[in-house]
Amino acid sequence: MIEYAILFAFACYGVALLFSLYRVVIAPGVPDRILALDTMTINMIALLTLFGINQGSEMYFEAALLFAMVGFVSTVAYAKFILRGDIIE
Amino acid sequence: MDLFFEILVSALLVISGIFGFVGSFGLVKLPEPMTRLHAPTKATTLGVGSVLIASMVYFAWFAGEVSWHELMIALFLFLTAPVTGLMIAKANIHLQWRREELPPTGTGTAWSTQSDRPSIMDDGADSRLVSEGD
């Protein structure tokens, strides 16, 4: 049963990743692109955790943690750049 | 007992997949930037949260070893998601709205994103420098 649930979640997050990629490419404004990039990192964290369950390996969580940290820092840096025109004032 | 945990992990995975899908679908579908900001936060908290809980339950029951990495990821995400949302909302306000279109703050000063008046954090050191002729 878990195998089918994992397949379902893989499909959902794969389609979600495609949706947010579409929003990165075609967007009405710059904040939408930033939000779509943030959503892509969120989807990648979920996908890496699903890979970890699927393979029975705990090696993927370090990668997911790295994605969470770098995604947060890059999102804040992009938003700060829009707000101030400068990242470190 | 195995069946119970199997059903629990499967249900958590399905819930997580649905919420992740709905979050990104709302990102494409919703009409305005501020409403688009709303959708992916559900994917962050409920989607990733339940897939991490599913992973913890799976490894604790089926692999026999409790892993705490997932809790760390969930804690980090729940701490940083509001900050991310606030920063993107401020960028939206900065790019989209003029000052007179925003609702009143009720504090006598404008919104901090658009205010050029001195804030509480500013003790007037810059104006003193100017007035003393340095």
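A: B:Arg36 counts as buried, because its relative accessibility is 4%, where buried means under 20% relative accessible area, exposed over 50% and partly exposed in between (1.4 Å probe, protein chains only). The model is predicted, so local features need pLDDT of at least 70 and side-chain atom pairs pLDDT 80 or more, while totals for chains, interfaces and linings use all residues. Residues are numbered from 1 along each chain as written, chains are lettered from A and ligands numbered from 1 in written order, and side-chain values use heavy atoms, without hydrogens or water.

The partner of B:Arg36 is A:Asp32: the two form a salt bridge with their closest N and O atoms 2.8 Å apart (the rule asks for a side-chain nitrogen of Lys or Arg within 4 Å of a carboxyl oxygen of Asp or Glu). This pair crosses between chains, linking helix 2 of chain A, which holds A:Asp32, to helix 2 of chain B, which holds B:Arg36. A:Asp32 is likewise buried, at 3% relative accessibility. Over all chains, the count is 1 salt bridge.

Both of these helices also pack, together with helix 1 (2-25) of chain A, against the buried residues of helix 1 of chain B. Among those buried residues are B:Phe5, B:Leu13, B:Gly20 and B:Leu27.

A further buried residue is A:Thr75, with a relative accessible area of 4%, in helix 3 (residues 60-84) of chain A. Beyond its neighbours within four places in sequence, A:Thr75 is in contact (heavy atoms within 4.5 Å) with A:Ile34, A:Asp38, B:Thr84 and B:Ile88.

Conventions
Helices (H or I, at least four residues) and strands (E, at least two) are DSSP runs, numbered from the N terminus.
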